[in-house]
Every structure is written in C-alpha cells, then in structure tokens.
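Take a moment with the sequence and the fold before reading on. The paragraphs below go from the whole chain to single residues.

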Amino acid sequence: MTTANARHPIRVVSLYTGLSPELIRAWEKRYQAVEPTRTDTGRRLYSDKDVDRLKLLKRASDNGRRISDIAGYSSQELTELISQDQPMVAAVEAAKQPDGSEVEALRASMMDAIREHNPAALDALLYRGSLQFTSPTLMEDVVAPLLRSIGEGTREGSLRISHEHMATAQIRTFLGAMRPASVEYQEAPRVIITTPSGQLHELGALMVSVTCASEGWMPIYLGPNTPADEIAVAAVASGAMAVGLSITYPADDPRLPGELRRLRRQLPDNIPIFIGGAAVRENSPLLQELHSPYLNSLHAVRDYLAELRQGIEGY
C-alpha cells in the first residue's frame with residue numbers, strides 16, 4: 001500500500017537528484033540507501049525525505065566517498081560529512097582549473113595551423129596540449145571547442161572543406177593514439193563505443209572513448225557506422241558493462257530508430273545504452289522510449305561512468 005508522503009515515481013526522483021534510475025535501484029538493493037513504498041502493482045514511490053536523502057548521498061559520493069561506506073549514515077551525519085569535505089573538494093577543484101588564457105592560446109594556434117593547411121603543426125600542438133593539460137581538460141576545453149569552431153567555420157565559409165578534412169584526419173589519428181595509453185589494467189570494466197549504422201562522423205565517439213579510458217575503463221572502439229547486430233555481439237562477447245553511441249549526422253536518418261530499437265532488444269537488460277551527439281535533440285522521444293540517458297558533455301559522460309561503477313561494483 002502507498003502512503004500520502006510517498007508520491008514521487010522513480011523517473012521524477014531521477015530528475016530531482018541527478019541520479020539515474022538504474023543507480024537508485026542499485027543503491028536500494030545493495031545498500032538499503034532508501035526504502036521506497038510499493039504500490040499494489042509493485043511500482044516504487046518515494047517520499048520527500050527519500051529524495052532529500054538521495055541528494056545528500058549523491059553529494060557525498062561526488063566528493064569521493066564510497067556509497068558502501070556512507071549508505072548507513074543518517075541524513076544529519078551525511079550533512080556533517082559533506083560540510084567537512086567541502087574545503088578539501090574546493091581546493092582540489094580549484095587546482096584542476098586550467099589557465100583560460102593558455103587554453104585559448106592553444107586553440108588559436110591550432111586554428112592557425114588548420115587555416116594554413118599545416119598538419120605537422122596541428123599534430124605538434126595536439127601533442128603539446130596532451131602534455132600541458134589533463135585528458136578531461138584537453139578533451140572538453142580544447143578539442144571539443146576546436147571541433148565546434150571548425151564546423152562553424154565550414155558552414156559560414158571562413159574555412160574550406162579541405163581545412164575540415166585535414167583537421168579531422170589529424171585529430172582522428174591523435175585521439176586514436178590516446179586511447180590505449182590511458183588504460184593501465186586489462187581488468188578494467190569494459191564499454192563499447194561506436195556510432196550506429198548510417199552515422200559516419202566518429203570524432204565524438206573517439207572523444208568519448210578517450211574519456212572512458214581516462215576514467216579507468218577499457219573502451220572497445222568499433223569505429224563508425226556499426227550495425228546493431230554487431231554492436232550487441234561485441235558487447236555480450238566482451239562482457240561490456242555499457243554501450244556508448246554517438247549520433248551526429250544525419251539527425252533525421254530514417255534508419256536510426258529501427259537500429260536503436262533493434263540494439264535495445266538484442267542487448268541484455270543489464271547493459272545500458274548511453275547516447276550523445278548533436279542529433280540527440282531530434283531523437284529525444286526515442287531515447288526516452290529506450291530508457292537511454294542523453295549525455296550532453298564529456299563531463300556528463302564521466303559522471304555517468306562513475307554512477308555505473310558505483311551501482312555495479314559498489315565503488
């Protein structure tokens with residue numbers, strides 16, 4: 001039976017807390033983090049107190065605390081722990097912030113190399129960036145904005161298609177070389193990264209692959225334009241914990257819904273599909289149908305991977 005206070009379904013709780021429904025269920029099952037009320041049909045309903053507690057658990061987890069260590073804490077104890085951790089977290093975050101002028105100068109030099117059709121110079125600048133910045137900073141603050149600038153320049157006519165092709169080739173090679181160097185252990189959890197059939201633009205998928213590696217995952221990159229059947233076979237055979245897809249262009253590809261639905265049917269229920277890319281907005285109803293989270297930045301990818309590890313491994 002339900003109570004008056006238990007009025008929030010899990011999808012609403014997910015929006016309130018920023019936790020995926022899968023992670024909320026995992027925290028309940030493994031650690032009894034909250035105890036939702038069940039309706040007569042078995043549907044979970046959460047109270048305001050449950051929502052507040054999950055928010056506290058997420059904040060403490062984001063600060064580096066293991067859910068297995070804090071799940072038994074009271075809300076008051078969690079509040080005190082978060083307050084205690086905050087100065088340390090703020091100091092670490094401040095130390096991570098790159099010098100904005102250095103980032104802008106590097107991107108400007110890269111654009112100069114692209115305009116000059118100078119692949120050697122672009123390659124040298126990418127390598128310099130990999131030494132100067134952490135992998136997340138390089139991906140999010142240098143490479144991703146650079147790709148947006150290239151795309152905008154091509155559309156506006158300030159860059160030619162030859163500029164775009166040269167830059168894309170160099171960046172693809174650079175990202176491909178970064179992936180294996182970021183993973184130290186073959187025992188790392190595995191994730192399939194690719195683009196579905198008909199999606200030929202792969203740089204977004206490659207950047208996600210590098211991000212996965214930098215977060216301690218073993219990315220299995222299948223390249224672009226991979227049929228649903230092959231993605232499912234690779235995921236099951238490799239023991240992957242998740243599948244990540246990039247959908248960019250064309251956004252209105254009539255084959256895309258069928259491919260994504262077929263992939264979801266062929267994957268076991270415990271292997272989630274997370275999706276990003278410029279074409280997601282046009283396909284958001286489909287993603288909701290498939291219960292696939294839309295990750296709109298590499299930062300969101302890192303957060304999702306952390307949640308996934310916590311839910312599956314108890315990290």
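What percentage of the 315 residues of the protein count as buried? The share is 48%. Buried means under 20% relative accessible area, exposed means over 50%, and partly exposed lies in between, with a 1.4 Å probe and protein chains only.

Some ground rules come next. This is a predicted model, in which local features need pLDDT of at least 70 and side-chain atom pairs count only at pLDDT 80 or more, while totals for chains, interfaces and linings use all residues. Residues are numbered from 1 along each chain as its sequence is written, and side-chain values use heavy atoms, with hydrogens and water left out.

How confident is the predictor? pLDDT is its confidence in each residue, from 0 to 100. The mean for the protein is 83, and 90% of its residues reach 70 or more. Over residues 181-185 the pLDDT is below 50. Beyond near neighbours in sequence, that stretch has 8 contacts in the model. Contact means heavy atoms within 4.5 Å.

Now the overall form. The protein has 14 helices and 6 strands. Helices (H or I, at least four residues) and strands (E, at least two) are DSSP runs, numbered from the N terminus. The C-alpha trace spans about 70 × 50 × 40 Å along its principal axes. A compact globule of 315 residues would have a radius of gyration near 20 Å, and the 21 Å of the protein agrees. That radius is taken over C-alpha atoms, and the globule rule is 2.2 Å times the number of residues to the power 0.38. Among contacts between residues at least 6 apart in sequence, 71% join residues at least 24 apart.

Start with helix α2, residues 21-31. Its buried residues are Pro21, Leu23, Ile24, Ala26, Trp27, Glu28 and Tyr31. An α-helix has 3.6 residues a turn, so residues three or four places apart point the same way. Just after α2, Gln32 takes a positive phi of about 50°.

Next, Asp48 sits in helix α3, residues 48-62. Asp48 is partly exposed, at 37% relative accessible area. Asp48 and Ala6 are 42 residues apart in sequence, yet their C-alpha atoms are 7.4 Å apart in space. Leaving out residues up to four places away in sequence, Asp48 touches Asn5, Arg7 and His8.

How do helices α8 and α10 run relative to each other? The axes of α8 (residues 135-156) and α10 (residues 203-214) come within 10 Å and cross at roughly 170°. Axes are lines fitted to C-alpha atoms, for helices over the stretch in contact, and angles run from 0 to 180 degrees between N-to-C directions. The two helices are therefore roughly antiparallel, a term for angles over 145 degrees. From α8, Ser135, Pro136, Met139, Val143, Ala144 and Leu147 meet Leu203, Met207, Val210, Thr211 and Ser214 of α10. By class, this contact has 8 nonpolar, 3 polar and no charged residues.

Val301 lies in helix α14, residues 298-313. At 4% relative accessibility, Val301 counts as buried.

His117, between α6 (100-115) and α7 (119-132), has a positive phi of about 50° although it is not a glycine. Asn225, between β4 (218-221) and α11 (228-238), has a positive phi of about 60° and is not a glycine either. His117 is partly exposed at 39% relative accessible area, and Asn225 is partly exposed at 35%.

How values were computed:
Angles under 35 degrees count as roughly parallel, over 145 as roughly antiparallel, 65 to 115 as roughly perpendicular and the rest as oblique. Ala, Val, Leu, Ile, Met, Phe, Trp, Tyr, Cys and Pro count as nonpolar, Asp, Glu, Lys and Arg as charged, and the others, Gly among them, as polar. pLDDT is the predictor's confidence in each residue, from 0 to 100.
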